[in-house]
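Reader: Got a structure to go through. Can you talk me through it?

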Amino acid sequence: AVPFQSRWLLYVMHFCFAFVSRMWDMGVVLLVADLTNNSLFFVALANLFGSLAITFLMPSIGRYLDTTDRLESTSKALFLKVLAVSVVYVGCAGTGSVPREDADDIPFFIMYVLPIFCAIAAVTFKTITTAVEKDWIVVLSAKDTAWLAETNSVMTQIDLGCSSVAPAVTGFLFGTFT
């Protein structure tokens, strides 16, 4: 068998996914900080819920991925990701900023709903990465270890580039439109 020849398609898909994922990470921080008068407590809470959800749910999700069609499971994860991200952004937009004189009056959405949907988004991002990149890349390599090593190297470079550029783009967009 011959390894997948159109790697550029794989790289474009990986770039788009990695860039959006890094923009999400930075966007949530900026939105929640803005909504809570620069309180990092709720940013930390949202990230804590996301990390805990990944830690405790990914073993079960991994077993689910091993027994399910990858395209079906990726489609479900993508739908949940879009739903969770949309709920967070629409909820943040509808919440408005907390007045400076009453910083203890944190909206219900920020206190209770946001951390849950951030956890859902974090798990779905990780699910898609696991379903697509950790399994399909190996299949696409057709057991060609040199192809697999080169592809993983380029994808790591894409990740590093997105980790550097996406937060700056997110900050620029946030500063421009808020």
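Reader: In what order do the elements run from the N terminus on?
Author: The order is α-α-α-α-α. This is a predicted model, and its chain has five helices and zero strands.

Reader: What does the C-alpha trace span along its principal axes?
Author: About 65 × 35 × 20 Å.

Reader: And how much of the chain is buried?
Author: Of the 178 residues, 38% count as buried.

Reader: What share of the contacts with a separation of 6 or more comes from residues 24 or more positions apart?
Author: Such pairs account for 81% of those contacts.

Reader: OK, the core. Which residues touch the most other members of the largest nonpolar core?
Author: Trp24, Val88, Cys92, Leu114 and Cys118, out of 25 residues in that core. H1, H2, helix H3 (70–95) and H4 each supply at least two of its residues. The largest share, eight residues, comes from H4.

Reader: What about Thr127, buried or exposed?
Author: Threonine 127 counts as buried, because its relative accessibility is 7%. The residue lies in helix H4. Beyond neighbours within four places in sequence, threonine 127 is in contact with Met58, Ile61, Leu65 and Ala77.

Reader: How does the lining split by class?
Author: There are 13 nonpolar, eight polar and six charged residues.

Reader: Is Asp159 buried, partly exposed or exposed?
Author: Aspartate 159 counts as partly exposed, because its relative accessibility is 23%.

Reader: How many salt bridges does the count come to?
Author: Four. Another one of them joins the side chains of glutamate 150 and arginine 7, at 3.7 Å from N to O. Glutamate 150 sits in helix H5 and arginine 7 in helix H1, so this pair ties together parts that are 143 residues apart in sequence.

Reader: Why does Arg7 count as buried?
Author: Because its relative accessibility is 17%, and the cut-off for buried is under 20%. Glutamate 150, at 44%, counts as partly exposed.

Reader: What does Asp66 pair with?
Author: Aspartate 66 forms a salt bridge with arginine 70, and the closest N and O atoms are 3.6 Å apart. Aspartate 66 counts as exposed at 61% relative accessibility, whereas arginine 70 is buried at 14%.

Reader: And why can such side chains pair in general?
Author: Side chains of opposite charge can pair when their charged atoms come close.

Reader: Last topic, backbone. What is phi of Ala142 near?
Author: Phi of alanine 142 is near 50°, a positive value in a residue other than glycine. Alanine 142 is in the loop between H4 and H5 and is partly exposed, with a relative accessible area of 23%.

Reader: Where is Lys143, and what is its phi near?
Author: Lysine 143 is in the loop between H4 and H5. Its phi is near 65°, a positive value in a residue other than glycine.

Reader: Is Lys143 buried or exposed?
Author: Lysine 143 is exposed, with a relative accessible area of 79%.

Key. Residues are numbered from 1 along each chain as its sequence is written. This is a predicted model: local features need pLDDT of at least 70, side-chain atom pairs count only at pLDDT 80 or more; totals for chains, interfaces and linings use all residues. Side-chain values use heavy atoms; hydrogens and water are left out. Ala, Val, Leu, Ile, Met, Phe, Trp, Tyr, Cys and Pro count as nonpolar, Asp, Glu, Lys and Arg as charged, and the others, Gly among them, as polar. A nonpolar core is a set of buried Ala, Val, Leu, Ile, Met, Phe, Trp, Tyr and Cys residues joined through side-chain atoms within 4.5 Å. Buried means under 20% relative accessible area, exposed over 50%, partly exposed in between (1.4 Å probe, protein chains only). Helices (H or I, at least four residues) and strands (E, at least two) are DSSP runs, numbered from the N terminus. Contact means heavy atoms within 4.5 Å.
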